[in-house]
Amino acid sequence: QRRLKIAPAAMAARCRLAARFHHIHGANIRLDASHTQATRVESFANGLCFSQEPLAPGQIFLVEIEEKELGWCGHLRVGLTAHDPQSLEVVPEYSLPDLVNMGDTWVFAITRNHNRVVVEGEEVQARGRPWEPFLLIERVRIPRDTLVGRSRPSRYSHILDDLYKMNVLPATARRSRIGVLYAPQPDGTADMHIVINGEDMGPSARGLPTTRPLYAVIDVFASTKSVRVIPVDYGFPSLQTLCRLVIQKHIVHRLAIDGLDLPPLLKSFCQHE
């Protein structure tokens, strides 16, 4: 089976550009200076966000849940839209149903359990093993390591390092990572896939138009309060990733990173993957 033909360098450059939130967003959203963190500062709604750029075929827009807020029912909502955020007169209060009712938008709520949408009569393909280095979605090949959300290390977590590597968080937990992408089909349309902690949920929407730009939709709704965009390396790993691998190779366990003479951001990256 032929893989999607996108040059790694071109995909990497495009991913770096698109791994930010659009400056158009819901009334209750505040972006940080880098436009990579979106926080809902009031209420439970008006938390709609979009990718800064339309996605390329097979390009995943990945976010990590950073903060939760007790007292609300419902969780993060994720999908794609063919509406350019710049063209919206008013950003809808909700992705479901408001934005979806505008048409050419496909959004699904993320629940505590992993959901897979299967067309009647279709066989569910076997899922890849969680320790395999790449996630394969039709003709798309994505490094799995970045896709998987894991809990932060604690005082005695080095004892559980092997378990930590296999530990996958519940879909709506803090540090959980949720991504969305579209995979082109032979008939000229595309299937939308939602990825939860490195696991493909299967096609959640079909027949998406590939002739129009498709933007990622992230609705920071209800109990989800803050999310951060996670850049994904395609093809060759980034220098930051290579540094992390070398550092981790020469330490006893992750907590030893605290004692190294390294910049705080690099320490955090090495510890938290």
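Predicted model: local features only at pLDDT ≥ 70, side-chain atom pairs only at ≥ 80, totals over all residues.
Figure 1. Although Ile110 and Leu76 are 34 residues apart along the chain, their C-alpha atoms are separated by 5.6 Å. Leu76 is also one of the residues that Ile110 touches when residues up to four places away in sequence are not counted.

**Figure 2. Thr105 in strand E6.** Strand E6 covers residues 105-109, and Thr105 is found in this strand. Is Thr105 buried or exposed? Its relative accessibility is 7%, so Thr105 counts as buried. The side chain of Thr105 makes a polar contact with the side chain of Thr81, at 2.8 Å. Leaving aside neighbours within four places in sequence, Thr105 is in contact with Leu80, Thr81, His83, Leu99 and Val100.

Figure 3. A search of the whole structure finds 5 aromatic pairs. One of them is formed by Phe44 and Trp72; this pair is tilted, with 5.0 Å from centre to centre and 40° between the planes. Phe44 lies in the loop between strand E2 (37-40) and strand E3 (48-50), and Trp72 in the loop between strand E4 (61-68) and strand E5 (77-81), so the pair ties together parts that are 28 residues apart in sequence. Phe44 is partly exposed, with a relative accessible area of 27%, and Trp72 counts as partly exposed at 35% relative accessibility. Another aromatic pair, formed by Tyr94 and Phe221, is edge-to-face, with 6.2 Å from centre to centre and 70° between the planes. Tyr94 is in the loop between E5 and helix H2 (95-101), whereas Phe221 is in the loop between strand E12 (215-219) and strand E13 (224-229); this pair links distant parts of the chain, 127 residues apart. Both Tyr94 and Phe221 are buried. Ring pairs link Phe44, Trp72, Tyr94 and Phe221 into a cluster.

**Figure 4. Arginine residues over aromatic rings.** Which residue lies over the face of Phe221? Arg77 takes this place, at 3.8 Å from the ring centre. At Phe134, the charged end of Arg141 sits over the ring, 3.5 Å from its centre.

**Figure 5. The nonpolar cores.** The largest nonpolar core has 32 residues. Phe21, Phe61, Val63, Ile218 and Val227 are the residues with the most contacts inside this core. Two or more residues of the core come from each of E4, E5, strand E9 (177-184), strand E10 (189-196), strand E11 (199-209), E12 and E13. Which element gives the most to this core? E10 does, with 4 residues. A second, separate core has 12 residues, including Leu62, Ile137, Leu147 and Val232.

Figure 6. E10 is mostly covered, as 7 of its 8 residues are buried. E10 pairs with E9 in the antiparallel sense over 7 bridges. In this pairing, Ala183 stands opposite Asp191 in E10. The hairpin of E9 and E10 has 4 residues between the strands, and in this hairpin Gly188 takes a positive phi near 95°. E10 and E11 also run antiparallel, and 6 bridges join them. Here Thr189 stands opposite Pro209 in E11. The hairpin of E10 and E11 has 2 residues between the strands, and in this second hairpin Asn197 takes a positive phi near 50°. In a regular strand the side chains alternate between the two faces of the sheet.

**Figure 7. The whole protein as the setting of the close-up views.** The secondary structure of the protein comes to 5 helices and 13 strands. Of its 273 residues, 48% count as buried. Among the contacts in the protein with a separation of 6 or more, 69% are made by residues 24 or more positions apart.

How values were computed
Residues numbered from 1 in each chain as written. Heavy atoms only, no water. Buried < 20%, exposed > 50% of the residue type's maximum accessible area, 1.4 Å probe, protein only. Polar contact = N/O pair within 3.5 Å; in protein donor to acceptor, adjacent residues only side chain to side chain. Contact = heavy atoms within 4.5 Å. Phe/Tyr/Trp six-rings, centres within 6.5 Å; stacked < 30°, edge-to-face > 60°. Lys NZ or Arg CZ within 6 Å of the ring centre and 35° of its normal. Core = buried A, V, L, I, M, F, W, Y, C linked by side-chain atoms within 4.5 Å. Pairing = 2+ DSSP bridges.
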